[in-house]
Amino acid sequence: MIHVRLATEEDIPRIIELYDDLTITTSQVEKSRSPSLDHYKRVFAEIRSDQRQELLVAEDQGEVVGTLVFLLAPNLSHNGTPWAFLENLIVTKKHRRKGVARSLLEYAVVRAREAGCHKVQLCSGRTREEAHQLYRSLGFEASAYGFRLYF
Ligand SMILES: CC(C)(COP(=O)(O)OP(=O)(O)OC[C@H]1O[C@@H](n2cnc3c(N)ncnc32)[C@H](O)[C@@H]1OP(=O)(O)O)[C@@H](O)C(=O)NCCC(=O)NCCS
């Protein structure tokens with residue numbers, strides 16, 4: 001049974017481990033740095049104090065097996081209704097195709113509806129076919145080009 005919840009400070013090492021699998025999008029400069037746990041704890045404290053951001057984790061039998069970031073943006077267009085943005089979705093290799101990502105995304109979509117959002121948006125690398133399948137299966141449409149400027 002998959003359980004989605006807000007991340008706690010104790011989850012930080014596990015989440016960082018999961019992000020290691022996303023290194024395809026990490027620059028060489030980033031790879032050469034290895035920030036301390038204290039650094040990650042400070043960043044996590046910022047995240048927790050930001051009411052518009054939620055760092056989610058999915059547990060399977062008490063083990064953290066996936067994560068997703070949910071961001072809420074106040075907005076003046078669309079009658080002043082907010083939009084939600086999703087980022088950093090990843091599920092550990094051993095636990096894929098068990099509905100973990102689906103559970104995380106469904107949680108985020110409910111959260112966005114409850115917050116009165118007019119849309120939920122995300123970007124996904126062109127080559128991430130399995131992720132595109134996932135988003136389509138949940139009703140997302142590939143309706144825009146994504147542009148990035150990496151630093
Ligand atoms: C993409 C990813 C998050 C999917 O996580 P997951 O927990 O395995 O996904 P789910 O089990 O919830 O899959 C739900 C649906 O998505 C689709 N899907 C997921 N993985 C798929 C794959 N490898 N091939 C085809 N369809 C896939 C299917 O429709 C699936 O439903 P089904 O299993 O009933 O057929 C995971 O593969 C991952 O972490 N990949 C590396 C990181 C990444 O690409 N993140 C997304 C960045 S945009």
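In which helix does asparagine 79 lie? Asparagine 79 belongs to helix H4, residues 77-80, where helices (H or I, at least four residues) and strands (E, at least two) are DSSP runs numbered from the N terminus. The model is predicted: local features need pLDDT of at least 70, side-chain atom pairs count only at pLDDT 80 or more, and totals for chains, interfaces and linings use all residues. Residues are numbered from 1 along each chain as its sequence is written, and side-chain values use heavy atoms, with hydrogens and water left out.

**Overall architecture**

- Six helices and five strands make up the secondary structure of the chain, and their order from the N terminus is β-α-α-α-β-β-α-β-α-β-α.
- The chain is as compact as a globular protein of 151 residues, because its radius of gyration of 16 Å is close to the 15 Å that the globule rule gives for that length. This radius is taken over C-alpha atoms, and the globule rule is 2.2 Å times the number of residues to the power 0.38.
- Along the principal axes, the C-alpha atoms fill a box of roughly 45 × 30 × 30 Å.
- Of the contacts (heavy atoms within 4.5 Å) between residues at least 6 apart in sequence, 65% join residues at least 24 apart.

**Surface and charge**

- Of the 151 residues in the chain, 34% are buried. Buried means under 20% relative accessible area, exposed over 50%, and partly exposed in between, with a 1.4 Å probe and protein chains only.
- The chain exposes about 10,400 Å², of which carbon and sulfur atoms supply 51%. These accessible areas come from the Shrake-Rupley method with a 1.4 Å probe; for residues, only the protein chains shown count as cover.
- There are 21 positive and 20 negative side chains, and the centres of the two sets are 5 Å apart. Lys and Arg count as positive and Asp and Glu as negative, while His and the chain ends are not counted; the place of a charge is NZ of Lys, CZ of Arg, CG of Asp or CD of Glu.

**Strand E3 and its partners**

- Strand E3, residues 63-73, is mostly covered, with nine of its eleven residues buried.
- Strand E2 (residues 53-60) pairs with E3 in the antiparallel sense over eight bridges; two strands pair if DSSP finds at least two bridges between them. Within this pairing, leucine 56 stands opposite leucine 68 in E3.
- Two residues separate the strands in the hairpin of E2 and E3, where glutamine 61 takes a positive phi near 50°.
- E3 also pairs with E4 in the antiparallel sense, over seven bridges, and leucine 72 stands opposite alanine 84 in E4.
- Valine 64, a residue of strand E3, counts as buried at 7% relative accessibility. Beyond its neighbours within four places in sequence, valine 64 contacts Arg5, Asp11, Arg14, Leu18, Val57, Ala58 and Glu59.
- Valine 64 and aspartate 11 are 53 residues apart in sequence, with their C-alpha atoms 7.7 Å apart in space.

- Threonine 92 occupies the loop between strand E4 (83-91) and helix H5 (100-114). Threonine 92 is buried, with a relative accessible area of 16%, and touches Arg14, Leu18 and Val65 when residues up to four places away in sequence are not counted.
- Alanine 112, in helix H5, is buried with a relative accessible area of 2%. Its contacts, leaving aside neighbours within four places in sequence, are Phe70, Ala84, Cys117 and Val120.
- Between alanine 112 and proline 74, the C-alpha to C-alpha distance is 12 Å, with 38 residues of separation in sequence.

**Exposed and partly exposed positions**

- Most residues other than glycine have a negative phi.
- Asparagine 79 has a positive phi of about 55° although it is not a glycine, and this residue counts as exposed at 80% relative accessibility.
- Arginine 97, likewise not a glycine, has a positive phi of about 60°. Arginine 97 is placed in the loop between E4 and H5 and counts as exposed at 86% relative accessibility.
- Glutamate 17, in helix H1 (residues 12-19), is partly exposed, with a relative accessible area of 47%. The C-alpha atoms of glutamate 17 and serine 137 are separated by 27 Å, and these residues are 120 apart along the chain.
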